Amino acid sequence: LFAFYLVKGDLVTARDLAEQCLRLAEDVRDVALLIEAHRMLCNIFHFMGEPTAVVRHADSALALYDRHQHRTLAFLFGQDPAVVCHSFAAMNLRVLGYSAQAIERNQAAVNYARELAHANSLGLALAFASTLYGFMRNWTETLAFAEEAIALAHEQRLVFWGTIGALNRG
């Protein structure tokens, strides 16, 4: 339901569902569900234009995330929550004026996505990296990450990330 309302553009309903998921995860004390709930809130607050909340929820998810224990979450949820949280945090740290931290978080997302070898997570990390560097007007890095996202998208049939790469390449 969260994804449906997010994509539909009903951000208030999506936020309410993500907050409900966080409460449920807290009630049952399930760390994997807590990570995912914070990831959902990180995501929705990005689209609601609340960068401080994005970073707060990204950091909450990452504080709970264990690389060995939670690396399978990418296969359960479609994207690795650590990669997603680092990527969204990077974009929002840049908006908040913390460019050096944004670059560090971006690199953490890309490096971990490569290590995981989970195509959809890597596509997200590369697309977000090309977007971040575009915002920073670093055209060399924008193009490099965009080209890599496009190549991965063609190889793995990840149309969405290829489209983002193509937009950023342009």
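Predicted model: local features only at pLDDT ≥ 70, side-chain atom pairs only at ≥ 80, totals over all residues.
Q: How are α8 and α9 oriented relative to each other, roughly parallel or roughly antiparallel?
A: The axes of helix α8 (residues 99-116) and helix α9 (residues 119-135) come within 8 Å and cross at roughly 155°, and α8 passes α9 in a left-handed crossing. Angles over 145 degrees count as roughly antiparallel. The two helices, α8 and α9, are therefore roughly antiparallel to each other.

Q: How is α2 oriented relative to α3, roughly parallel or roughly antiparallel?
A: Helix α2 (residues 11-28) packs with α3 at an angle of about 160°, the axes being 8 Å apart. That angle makes α2, relative to α3, roughly antiparallel.

Q: How many charged residues does the contact of α2 with α3 have?
A: The crossing of α2 and α3 is left-handed, and among the residues that meet there are R15, E19 and E26 in α2, together with H38, F45 and F47 in α3. By class, the contact of α2 with α3 has 15 nonpolar residues and one polar residue, while the charged residues number three.

Q: How is α3 oriented relative to α7, roughly parallel or roughly antiparallel?
A: Helix α3 (residues 31-47) and helix α7 (residues 81-95) pack with their axes 10 Å apart, at an angle of about 30°. Angles under 35 degrees count as roughly parallel. The packing angle thus makes α3, relative to α7, roughly parallel.

Q: Which residues in α7 meet α3?
A: The crossing of α3 and α7 is left-handed, and the residues of their contact divide into eight nonpolar, three polar and two charged. From α3 the contact takes in I35, E36, R39, C42, N43, H46 and F47, and these meet, in α7, P81, V84, C85, F88, M91 and N92.

Q: Which residues lie closest to the centre of the largest pocket?
A: The largest pocket has a volume of about 600 Å³. It is lined by 23 residues, of which the closest to its centre are N43, F47, F88, F160 and W161.

Q: Which helices each supply at least two residues of the lining of the largest pocket?
A: The residues of this lining divide into 16 nonpolar, five polar and two charged. The helices that each supply at least two of the lining residues are α1 (2-8), α3, α7, α9 and α11 (159-169).

Terms used. Residues numbered from 1 in each chain as written. Heavy atoms only, no water. Axes fitted to C-alpha atoms, helices over the stretch in contact; angles between N-to-C directions. Helix = DSSP H or I, 4+ residues; strand = E, 2+ residues; numbered from the N terminus. Parallel < 35°, antiparallel > 145°, perpendicular 65-115°, else oblique. Left-handed = near helix turned anticlockwise from the far one by under 90°. Contact = heavy atoms within 4.5 Å. Nonpolar A, V, L, I, M, F, W, Y, C, P; charged D, E, K, R; others polar. 1 Å grid on protein atoms, 1.4 Å probe; cavity = no way out; pocket = protein on both sides within 12 Å on 5 of 7 lines; lining within 4 Å. Points joined across faces, edges and corners; volume = space filled by probe spheres on them.
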